[in-house]
Amino acid sequence: MGKTNFLFLALVSTFVVLAHAEDPYLFYTWNVKYATLSPLGVPQQVITINDQFPGPWINSTSNNNIVVNVFNHLDEPLLFTWNGIQQRKNSWQEGTLGTNCPIQPGTNFTFHFQVKDQIGSYYYYPTTALHRAAGGYGPLTIHSRDLIPVPFDWPEAEYNVLVGDWYAKSHATLKKQLDAGRTIGKPDGVIINGKNGIFVNGVSHTNTETPLKLAEYFGVSDKVFKYDIIKDEPAENVGDKITMAPNVINATFRNFVEIIFENQEKSVQSWHLSGYSFFAVAIEPGRWTPEKRKNYNLIDAVSRHTIHVYPKSWAAIMTTLDNAGMWNLRALVLERQYLGQQLYISVLSPERSLRDEYNMLDDQLVCGIVKGMPVPKPYAGA
Ligand SMILES: *[C@@H]1O[C@H](CO)[C@@H](O)[C@H](O)[C@H]1NC(C)=O
Ligand SMILES: *[C@@H]1O[C@H](CO)[C@@H](O)[C@H](O)[C@H]1NC(C)=O
Ligand SMILES: *[C@@H]1O[C@H](CO)[C@@H](O)[C@H](O)[C@H]1NC(C)=O
């Protein structure tokens, strides 16, 4: 009897220790407002977060739980995405309009997500309307935990440099132009950390990732993720081939997927896939044909979450669809994204298990025909 009690106590104390060892939380409260600032020297309306432009720095360490309570003080619905954060099993917090309902004006919503298995420099931005053209973006860093070795020294100092195109008009004016079928044209300038930049060649789209990559490339450390996936899944297993057309693609969970981008335009086009990193296995001039598959680099292709495709060129990317959820494949050029160059890839786990995908949280925003319905919990077990 005494022995049983001892065992019971030992189990309880183990449980308590585990509970205390939960990954740390970072809490943020964001007040999102309009303000009048002059990024290019002329006063205009911008979107600030806690009166900052660019927005506050989320400075995290891998495995941190990030909780961001967003108060929308704008006069329009608002949503943020966490560009490049893989949101394993958790597309519910992805913050694109095909996955989440937006935060209505005068209300708040709390994003909860954990940053795992990736380190590097990322950014967040608003996905609603043309809000990104007015700001609302900011840096998100994931440091490696002390126990995970990385192939570079701890930096002596860290700086966030957010470089992007900028239009001197408000997002509402730009949106009206697009809605009327006109282009918003070339940006009026480039801003660096919210201030006028002095770039000679205006970059053709907001790309905050380019200039400052030293120890990591698009957020994935050195060789950590490169080889195994490719070796396990030879190219013969290519399952789904995606070309841009429908709004939602039903893809097969765990299938190896090849996505081909053909850019027939005169400017560089950039594409981002949420929820995943992928291998860019080929980028070549001309048109893609199936014979080009023999040129694919299946040995040491670089892992990334954004692909840049040169004018009159194509690119092929590959990944394994191992992250269940509804993911967004989008043009990074804001005008193209707004006009519909984006689609969703629905990756449904046939087992409907918590091992593959989390349930929605109870405070998930709902809208449209599901408004007023209870939040479904389709996944059971673990
Ligand atoms: C950012 O986080 C890293 C890792 O925890 C820490 O070393 C660094 O001091 C932080 N920087 C700031 C400005 O808080
Ligand atoms: C809104 O903010 C309040 C106060 O901080 C918080 O208690 C509540 O959970 C938030 N609501 C949502 C839906 O996040
Ligand atoms: C995708 O799957 C859903 C159910 O999971 C189904 O309702 C829908 O019709 C499918 N769409 C296509 C294009 O196959």
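**View 1. Strands β22 (residues 325-331) and β23 pair in the antiparallel sense, over 6 bridges.** The model is predicted: local features need pLDDT of at least 70, side-chain atom pairs count only at pLDDT 80 or more, and totals for chains, interfaces and linings use all residues. Residues are numbered from 1 along each chain as its sequence is written. Strands are DSSP runs (E, at least two residues), numbered from the N terminus. Two of them pair if DSSP finds at least two bridges between them. Gly325 stands opposite Val347 in β23.

**View 2. An open sheet of 5 strands runs in the order β15-β23-β22-β17-β20.** Its pairing is mixed. β15 (248-252) and β20 (306-309) are the edge strands, each pairing on one side only.

**View 3. Cys101 and Cys367 form a disulfide.** A disulfide is a pair of cysteine sulfur atoms within 2.5 Å; here the sulfur atoms are 2.1 Å apart. The structure holds 1 disulfide. Cys101 lies in the loop between β5 (80-83) and β6 (108-114) and Cys367 in the segment after β23, so the pair ties together parts 266 residues apart in sequence. The S-S torsion is about -80°, so the disulfide is left-handed. Cys101 counts as buried, at 13% relative accessibility. Cys367 counts as partly exposed, at 34%. Buried means under 20% relative accessible area, exposed over 50%, partly exposed in between (1.4 Å probe, protein chains only).

**View 4. Val370 is in the segment after β23 (342-348).** Val370 is partly exposed, with a relative accessible area of 37%.

Methods. Chains lettered and ligands numbered in written order. Heavy atoms only, no water. Helix = DSSP H or I, 4+ residues; strand = E, 2+ residues; numbered from the N terminus.
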